[in-house]
Amino acid sequence: MSLRILHTADWHLGQTFFGYDRMVEQDMFLTWLSDTLVSHKTDVLLIAGDVFDVANPSAIAQHRFFRFLKEAKAKCPQLQIIIIAGNHDSAARLEAPTPLLDELNTTIIGFIKRTGNGDIDWDALLCPLFNKEGEREGLCLCVPYLRQGDYPPAEENDENSFSAGVERLYHKLGEQARKKSKPDEALIAMGHVYVNNAQLSENDRSERIVIGGLESVGAEAFGDYLAYVALGHIHKAQRVGGKENIRYSGSPLPMSFSETRYNHQVVSVILEKGRVKEITPISIPVSVELLRIPQSQQPPENVLDALRALPDKTTEETELFPYLEVRVLFTEPDPGFRHKVEEILKDKAVRLTSIQIVYPQKESNYRSSRLSFNDLQNLSPVTMLEHAFAAKYGSDLPVELRILFNEIVREEGE
Ligand SMILES: [Mn+2]
């Protein structure tokens with residue numbers, strides 16, 4: 001008895017990157033994934049939420065998703081696919097095609113269902129896992145992104161109703177799963193949730209994490225009876241709670257420049273007789289590079305020179321051109337800088353995403369002294385400007401600006 005699983009999450013299909021369409025990149029990932037399912041002889045594909053970037057995905061994003069399901073099934077006829085909804089997905093919309101998806105051996109769990117008496121329908125959250133021979137190898141606890149009211153209500157001594165409720169939900173579901181499974185069968189779990197102490201990317205713009213950990217759960221929620229836990233929600237691939245078998249697969253594509261160095265991956269898990277035999281991350285080939293020029297901020301002239309050295313465009317098909325973040329160090333304002341950058345990049349094989357500006361952190365005479373209310377009464381407008389300029393740019397007010405400013409002050413006074 002053995003079962004081969006691939007775990008992925010956070011596809012965010014339809015996501016744009018600084019306004020650029022990513023469908024070509026997303027297609028390349030999906031094609032790579034369906035080939036990987038074949039080469040790894042996968043029995044079960046787990047997608048742990050955030051299939052789409054928004055609750056109301058575009059027609060093209062939905063088309064790509066259904067096309068993937070069809071292609072994966074064509075390439076691996078025995079493949080089973082299990083999908084849970086993430087916070088970006090509409091649970092109901094994601095579940096809508098389920099009557100058809102039965103035909104593709106695909107299960108989608110969008111939300112927590114209730115039985116007639118209002119209890120959670122535990123059995124609806126358990127999905128049997130089958131190997132290529134059609135033998136049952138285990139059960140998957142399929143827990144989608146949980147909203148208030150989905151998980152059991154707070155009890156008297158709960159410090160945090162979210163984490164206590166979610167832990168209780170996994171606990172009860174685990175009991176139910178153990179009742180329904182046979183010895184030697186694997187129990188695995190899926191979740192789309194922030195687990196305490198998981199590492200976020202420095203500016204994870206697509207995940208709203210509630211500060212203070214109110215909407216997070218402890219790794220203890222996932223009991224030792226679970227052979228593997230396939231998580232989604234956090235874009236950085238990682239183990240959780242120091243355990244090899246509780247993992248975020250991370251997102252297949254970088255979602256921000258802070259993820260430049262991430263090893264974007266899917267996770268291959270091989271189970272034998274209900275236990276983990278092997279867990280192996282598989283790196284996803286990079287189809288579009290993230291370029292930072294220069295690596296650390298430099299004065300405008302150096303930056304423009306570095307941009308001039310970029311390779312010229314040889315095609316008008318820009319979808320695979322690297323995304324470019326320009327980093328510049330300003331010691332004084334340069335309102336024409338963006339225009340100069342755009343002029344140079346017109347013929348270059350890159351796509352500009354943003355210009356990151358920093359100002360020197362030098363302590364000037366002005367910054368070191370705090371102004372009192374009395375000072376403000378007595379300062380001349382030009383001295384005030386000197387203070388403001390120094391605070392922003394960390395350097396002295398240029399002579400030309402001082403002359404212009406004095407002219408304005410004079411005209412105002414006349
Ligand atoms: Mn998410």
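## Strands around strand 14

Val229 has Ile246 of strand 14 as its bridge partner in this predicted model. That pair brings us to strand 12 (residues 228–232) and strand 14 (residues 243–248), which run parallel to each other and share 3 bridges.

Strand 14 also pairs with strand 13 (residues 238–240), this time in the antiparallel sense, again over 3 bridges. Here Val240 sits opposite Lys243 of strand 14. Strands 13 and 14 make up a hairpin with 2 residues between them. If you look at the turn, you will find Gly241 with a positive phi of about 60°.

In soluble globular proteins, nonpolar side chains tend to be buried together. The largest nonpolar core here has 79 residues, and Cys142, Val143 and Met190 touch the most other members. Helix 5 (residues 161–180) is the biggest contributor to this core, giving 6 residues.

Leaving aside residues up to four places away in sequence, Met190 touches Leu46, Ala48, Ile82, Ile84, Cys140, Leu141, Cys142, Val143 and Ala230. There is also a second, separate core of 6 residues, with Val303, Leu307, Tyr323 and Val328 among them.

## Domains and their contacts

The chain divides into domain 1 (2–283), domain 2 (290–358) and domain 3 (365–413). Between domain 1 and domain 2, the C-alpha centres are 38 Å apart.

Note on methods:
Residues numbered from 1 in each chain as written. Predicted model: local features only at pLDDT ≥ 70, side-chain atom pairs only at ≥ 80, totals over all residues. Domains from an automatic or database assignment. Core = buried A, V, L, I, M, F, W, Y, C linked by C-beta atoms within 7 Å. Buried ≥ 20, exposed ≤ 12 C-beta atoms within 10 Å, placed from the backbone. Helix = DSSP H or I, 4+ residues; strand = E, 2+ residues; numbered from the N terminus. Contact = placed C-beta atoms within 7 Å. Pairing = 2+ DSSP bridges.
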